[in-house]
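Q: Could you take a close look at one strand pairing in this model and walk me through its surroundings? I would like the backbone details as well as the packing.

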Amino acid sequence: MPNDLVIVEVTDDHLDIMKSKNMKMLEEDGTLCNLYQRKTSGTRCSCWDERRQQADRSCITCYGTGWVGGYDKVEDILFRFPMTVREIIWTEHGLNLEQIPRVWTITDETIKIRDFIHRQSDEERFVLTSVEEALWRNKLMHIQAEVKIVDLNDILKQVP
Ligand SMILES: [Zn+2]
């Protein structure tokens, strides 16, 4: 049993095989999450500042998105949390090794940067800081994202 995403050079015939292998891995070893899709339309929140094009980041009506409700919730999407990429980052204290967690999933739902996911097992929430769709010959294979854990005092912790 492979423990991570299967990515190989493939012909058309192999695309479905690869996708179903990854799907199987996801079903066996994925983590149930709720996806929160950040609203980009709807009813403008009363906190919205038209001149600055900004919402109040502590607003509990729109959670800083500027749209009433803030997010659309999609329940029960499986994500894999296996990938930690180490990056060497230069700081004022010298070289630092930073761990950037990555997740991946296979879904028809739209996933964008600044959406967040809620891990059901431990209630942790993760904001997606980059999202990459893996396409082979215009077919969506899987979606990978870099994530950042949501702090306890973050307004995103309050989105129902
Ligand atoms: Zn608001």
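A: Strands E4 and E5 run antiparallel and are joined by 3 bridges; two strands count as paired if DSSP finds at least two bridges between them. Helices (H or I, at least four residues) and strands (E, at least two) are DSSP runs, numbered from the N terminus. This is a predicted model, in which local features need pLDDT of at least 70 and side-chain atom pairs count only at pLDDT 80 or more, while totals for chains, interfaces and linings use all residues. Residues are numbered from 1 along each chain as its sequence is written.

Within this pairing, Ile-117 stands opposite Phe-126 in E5. The hairpin of E4 and E5 has 5 residues between the strands, and there Glu-123 takes a positive phi near 65°. Glu-123 sits in the loop between E4 and E5. It is worth a second look, since most residues other than glycine have a negative phi. Glu-123 counts as exposed because 8 other C-beta atoms lie within 10 Å; the cut-offs are 20 or more for buried, 12 or fewer for exposed and partly exposed in between, counting other C-beta atoms within 10 Å, with C-beta atoms placed from the backbone. The C-alpha atoms of Glu-123 and Asn-34 are separated by 10.0 Å, although the two residues are 89 apart along the chain.

Leaving aside neighbours within four places in sequence, Phe-116 is in contact with Tyr-36, Arg-125, Phe-126, Val-127, Leu-128, Val-150 and Leu-156, where contact means C-beta atoms, placed from the backbone, within 7 Å. Phe-116 and Ile-117 also belong to the largest nonpolar core, which has 19 residues, and they are listed with Tyr-36, Cys-62, Val-103 and Val-147 as those with the most contacts inside it. Strands E1 (31-38), E2 (71-91), E3 (94-105), E4 (116-119), E5 (125-136) and E6 (139-149) each supply at least two residues of this core, and the largest share, 3 residues, comes from E1. A nonpolar core here is a set of buried Ala, Val, Leu, Ile, Met, Phe, Trp, Tyr and Cys residues joined through C-beta atoms within 7 Å.

E5 and E6 pair in the antiparallel sense over 10 bridges, and Glu-132 stands opposite Gln-144 in E6.

Asp-76, in strand E2, has a positive phi of about 60°; with 9 C-beta neighbours inside 10 Å, Asp-76 counts as exposed.

To place all this in the chain, the elements run α-β-β-β-β-β-β from the N terminus on. Of the 160 residues, 22% count as buried. Among contacts between residues at least 6 apart in sequence, 57% join residues at least 24 apart.

Finally, a word on confidence: pLDDT is the predictor's confidence in each residue, from 0 to 100. The chain averages a pLDDT of 88, and 88% of the residues score at least 70. Among the elements, E3 has the lowest mean pLDDT (80) and E1 the highest (98).

How values were computed: Two residues are in contact if their C-beta atoms, placed from the backbone, lie within 7 Å.
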